[in-house]
Amino acid sequence: MLQMDEIQKRLLDEVAGLHDVPTGAYNLRANGTSVGRQSTASIDIESKEDGSGLEITVKDGTKNESIHIPVVLSASGLTETVYNDFHVGDDCDVLIIAGCGIDNCGRQDSEHDGIHRFWVGKNSKVKYVEKHYGSGDGEGKRILNPVTEVYMDDGSSMEMEMVQIKGVDSTERKTVAELGADCHLVVRERLMTHGVQEAISDYDVRLNGDGSSADIVSRGVARDHSYQKLDLKIVGNAECSGHTECDSIIMDDGRILAVPSLEANSTEAALIHEAAIGKIAGEQLTKLMTLGLTQAEAEEQIINGFLR
Amino acid sequence: MLELKNVSFAVDGDDGEKEIVRNLSMTVDDGKFVVITGPNGGGKSTLAKLIAGIEKPSEGQILLDGKDITDLGITERANLGIGYAFQQPVKFKGIRVFDLLKIASGQTITIKEACSFLSEVGLCAKDYIERDVNASLSGGELKRIEIATVLARKTRLSVFDEPEAGIDLWSFQNLVRIFEKMQTETRDSAILVISHQERILNIADEIIVLSGGRIEHQGSRDEVLPKILGTEAAVDACSRLNGQEVI
């Protein structure tokens, strides 16, 4: 059993759905140190020599295996930057579950900056799930600044699910991807900000190989006095197709800036962007109220559905 | 019993105030099937919205079982047992058919129970239950799901605004059967339907003809139907098919 306190266990459940040690390869990090680790025959997890993070190596041909690397912080005033490198071999099919939960009841800011870099081998498939969560009623802020870099070799595909629904005061996330021939990248991002939170999400996706494609959809809800900036950029350098969609609900005194951008450097690049910001449609509220919900309950249902 | 007493509804237009519903009084008795018909722009949909609480009357009173509900909101009226099926079903992002039926039933229902409501409206439940209620569904499919949400509520007074629009002839029969079943299953429940369809007028206990915001005729089917057959208020299904109503 893991040596973790109740708060840490609760955070682990929020970000990774874990109640105990997971099956497969894992590394659990709590308050700056590893509290549990397991490699498997085909997935190797090692600390970097300088102690700055993890080197994770997935052997060629590894199929249907999972890697859990959640991080929980329950101490106030802890600031850390972690570099985790994933080397996924050729012809693999793996699920990677990351995520960070911060509980800050103290007065000092707590911050976790996770830099995740992926090298995805030829014809490999990776599903990457990253959830961020914050709790605690201290004055200290809960700050998460993740960087995700993806380098995809020919024929590989990656699906990324990025979720930040609650409790993170400030976040600046940056996602960079470079795709070779016949690579496919799908990103589903969901962001909700409330209070005076700020979230900035920046994507730079480069379609370098013929037959490559990217589909990036970001859905956000900004409530209270919160602010979101969504900067979604796709660059088409070959015969490729790219789509970005930024769909946001604005409430109360929230503010949202959507900056979709496309750059085509090849006549064969087909790129599309969509962006929409608006309040909850009045007729949606009306419909749910005719089914017996109060206005507040109807809003909650609409937002939960939107961010599903 | 639903009662409307001297209800008026006006909106501000470019050339001053415009009355959509004028000094209208009517009752819908328990267990009755009442059809409201009349020319387009006659105030029928506005009347349905006034009953559901989506619009508030500028004058007059609305009573349900003798209780004044004029100042109650949409939610409160829904919880008193008023159901309302939209003429144009609302689309959502991320809300599934199952979610909508679960909310409508007001309790935790199983997938099996939710599926039974879809089967009622002629949809193959397993193909629809997990689908999002969005534009990927056709107008006819959305319309049937809309009717299913009202079925799931098992309300005492159900208001349907042109339920047949977008529904083909086969399911038209089905629709009539649904109304009959609703009245058998929920004792003393009343149904108020806005429709031009002769087939629906034919099963009405009472017919109200609304024109220019006023009641032109009101009475039993046998009294009213002969007066309006062949007019815009009552069209047969085939002439309707020639129009753009069928999706």
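**View 1. Arg29(A) stands opposite Ser34(A), a residue of β2(A).** This is a predicted model. The two strands concerned, β1(A) and β2 (residues 33–38) of chain A, are antiparallel and joined by five bridges. Two residues lie between the strands of this hairpin. Asn31(A) has a positive phi there, near 45 degrees.

**View 2. Strand β1 (residues 25–30) of chain A is largely enclosed by the rest of the structure, because six of its six residues are buried.** Both faces are covered. One side carries Ala25(A), Asn27(A) and Arg29(A), all buried. The other carries Tyr26(A), Leu28(A) and Ala30(A), also buried. In a regular strand, side chains alternate between the two faces of the sheet.

**View 3. β1(A) also has parallel pairings, with β5(A) and with β6(A).** Two bridges link β1(A) to β5 (residues 63–68) of chain A. In that pairing, Ala25(A) faces Ile67(A) of β5(A) as its opposite residue. Two bridges also link β1(A) to β6 (residues 71–73) of chain A. Here Ala30(A) has Val72(A) as its bridge partner.

**View 4. Strand β14 (residues 170–179) of chain A pairs in parallel with β11(A), β12(A) and β16(A).** The pairing with β11 (residues 142–144) of chain A has two bridges. Leu144(A) is set opposite Thr171(A) of β14(A). With β12 (residues 147–152) of chain A there are six bridges. Val150(A) is set opposite Ala177(A) of β14(A). With β16 (residues 198–207) of chain A there are 10 bridges. Glu172(A) is set opposite Ile200(A) of β16(A).

**View 5. An open sheet in chain B has four strands, in the order β2-β1-β4-β5.** Its pairing is antiparallel. The edge strands, β2 (16–28) and β5 (67–68) of chain B, each pair on one side only. Nine bridges hold the antiparallel pairing of β1 (residues 2–13) of chain B with β2(B). Leu4(B) lies opposite Met26(B) of β2(B).

**View 6. Chain A meets chain B through 16 residues of chain A in contact with 19 residues of chain B.** On the chain A side, α2 (282–290) and α3 (295–306) of chain A are the elements giving two or more residues. α2(A) gives the most, with seven residues. By type, this side of chain A divides into six nonpolar, seven polar and three charged residues.

Conventions. Residues numbered from 1 in each chain as written. Chains lettered and ligands numbered in written order. Predicted model: local features only at pLDDT ≥ 70, side-chain atom pairs only at ≥ 80, totals over all residues. Contact = placed C-beta atoms within 7 Å. Nonpolar A, V, L, I, M, F, W, Y, C, P; charged D, E, K, R; others polar. Pairing = 2+ DSSP bridges. Buried ≥ 20, exposed ≤ 12 C-beta atoms within 10 Å, placed from the backbone.
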